[in-house]
Amino acid sequence: MTVSFGWGPVEARVLAPAAACVVVVDVLSFTTTVGVAVERGTAVLPYRRRDATAAAYAREKGAVLAVGRREADEAHPWTLSPAALRAAPAPDRLLLPSPNGSTLAAEAASGGALVVAASLRNHSAVARRLTDRGYGTAARPLAVIASGERWPDGSLRPALEDLLGAGAVLAALGGPHTRMTPEATAAATLWAATEDPVAALHGCDSGRELYEYGFPQDVAVAAEIDGSTVVPVLVDGAFQEAR
């Protein structure tokens, strides 16, 4: 198995054409939310923008639109919050706007590779499936891409939670027959050396931001390490459970 690691949508676009599979990681909160929704039977359509076009696209695709965390109400409880989605009725199809995670997924899909959503909740399940299916030859490697966040000018801000999530996948993929790039090895090593990843998730910048916004429960859901065996795969524009 041959595996590389990178950051953000630009690197996803660069690596995807040569890859057999691209694993996207956005722990707080896109890929965690995708996992929670898919394990409840919902197909998740990623969408890059949070604007008026999202509602029109949701109607076109017959999907419920996820709104901002603070816009949710009793009549429309679907948001990017994994905790809120867990408590809400499960729609058949959900349009999930996310400038980071959805953009990453779209760029990963642009090269024709299989796209898988991974988080700390399902990293072992993702690694098992990819290993069992024989992905990651020298000619068509695996690429694990951490989403990161954005600075106000739009540039990439590396995020610890995504580095840990990617490192968890990479560490689970490791073995005597796995060839990793130095970047992938470094990410896997960080995961292995992190004594308390749950505390790191709650204490990192993105975790503290969610606490400040009033959504600590989203960090708690994201910290359910290996709590899910569902592997969401992007098929026909929607994440659904791998068959």
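Q: Which residues does S147 touch, not counting those up to four places away in sequence?
A: S147 touches W7, G8, V25, D26, N100, G101, L104, L156 and D162, where contact means heavy atoms within 4.5 Å. Keep in mind that this is a predicted model, where local features need pLDDT of at least 70, side-chain atom pairs count only at pLDDT 80 or more, and totals for chains, interfaces and linings use all residues. Residues are numbered from 1 along each chain as its sequence is written, and side-chain values use heavy atoms, with hydrogens and water left out.

Q: Is S147 buried or exposed?
A: Buried, with a relative accessible area of 2%; the cut-off for buried is under 20% (1.4 Å probe, protein chains only).

Q: New topic: how do α1 and α5 pack?
A: Helix α1 (residues 8-15) and helix α5 (residues 101-109) pack at about 15 degrees, with axes 7 Å apart. Helices here are DSSP runs of H or I, at least four residues, numbered from the N terminus. Axes are lines fitted to C-alpha atoms over the stretch in contact, and angles run from 0 to 180 degrees between N-to-C directions.

Q: And which residues meet there?
A: G8, P9, A12 and R13 in α1 meet T103, L104, E107 and A108 in α5.

Q: What about V23, leaving aside its neighbours within four places in sequence: which residues is it in contact with?
A: V23 is in contact with V116, A118, V126, L130, A143, V144, I145 and V169.

Methods:
Buried means under 20% relative accessible area, exposed over 50%, partly exposed in between (1.4 Å probe, protein chains only). Helices (H or I, at least four residues) and strands (E, at least two) are DSSP runs, numbered from the N terminus.
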